[in-house]
Amino acid sequence: MNFNFKEIFTAFMVLFAVIDIIGNIPIIIDLRKKAGHIQSEKASLIAGVIMIIFLFLGQSLLSLIGIDVNSFAVAGSFILFFIALEMILGITLYKDSEDGVNAITASVFPLAFPLIAGPGSLTTLLSLRAEFHIENIITAVLLNVILIYVVLKTSSKIEKLIGPNGIQIIRKVFGVILLAIAVKLFAQNIKALFI
């Protein structure tokens, strides 16, 4: 076992920035209003399971369809880049159909996937795997899942406490961090494609 606090903390912060559960509070509140209720346990658990399965099988799945990790990471860096732009500029580039939203479907789709365990977090997991020990990444994922559960359970209280301006500030700060992560991910992996 190679548990390393620095690796766990870095992986946790990167995933926290990518998942952006605090910045997604307005979306969560909107979903809760539309569905009437969100199953926080189910959403957190499904997102965690998707992320851990992808951590182990993602590379095999990619090689099965003939895509290398560097290409996936470059594609993922574009997704992270656009998510960061959405956060910083307050625009919506990705819009999903919201017909027939209920508590069960809202908890799984779009909340667990793709909002929490989406293309950005899955790409990030693969790039983290190239840099960090697997047990540190799993610990970071589990810590994020616990935090996600707490945020989902207390989203309305957090909204009242922070207020709309506080949420916007947090969203923009994490947007800039995510933009830097996207640029780093792109730069590291684009080199590997041409070597």
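Trainee: Are α1 and α8 roughly parallel or roughly perpendicular to each other?

Mentor: This is a predicted model, where local features need pLDDT of at least 70 and side-chain atom pairs pLDDT 80 or more, while totals for chains, interfaces and linings use all residues. Residues are numbered from 1 along each chain as its sequence is written, and side-chain values use heavy atoms, without hydrogens or water. The axes of α1 (residues 5-19) and α8 (residues 155-193) come within 9 Å and cross at roughly 115 degrees (lines fitted to C-alpha atoms over the stretch in contact, with N-to-C angles from 0 to 180 degrees; helices are DSSP H or I runs of at least four residues, numbered from the N terminus). As 65 to 115 degrees counts as such, the two helices are therefore roughly perpendicular.

Trainee: Which residues of α8 does α1 meet?

Mentor: On the α1 side, the residues are Val14, Phe16, Ala17 and Val18. By class, this contact has 8 nonpolar, no polar and no charged residues (Ala, Val, Leu, Ile, Met, Phe, Trp, Tyr, Cys and Pro count as nonpolar, Asp, Glu, Lys and Arg as charged, the others as polar). The partners in α8 are Phe174, Ile177, Leu178 and Ile181.

Trainee: Is aspartate 20 buried or exposed?

Mentor: Aspartate 20 lies in the loop between α1 and α2. Its phi is positive, about 50 degrees, although it is not a glycine. Most residues other than glycine have a negative phi. Because its relative accessibility is 4% (the limit is under 20%, with a 1.4 Å probe and protein chains only), aspartate 20 counts as buried.

Notes:
Angles under 35 degrees count as roughly parallel, over 145 as roughly antiparallel, 65 to 115 as roughly perpendicular and the rest as oblique. Contact means heavy atoms within 4.5 Å. Buried means under 20% relative accessible area, exposed over 50%, partly exposed in between (1.4 Å probe, protein chains only).
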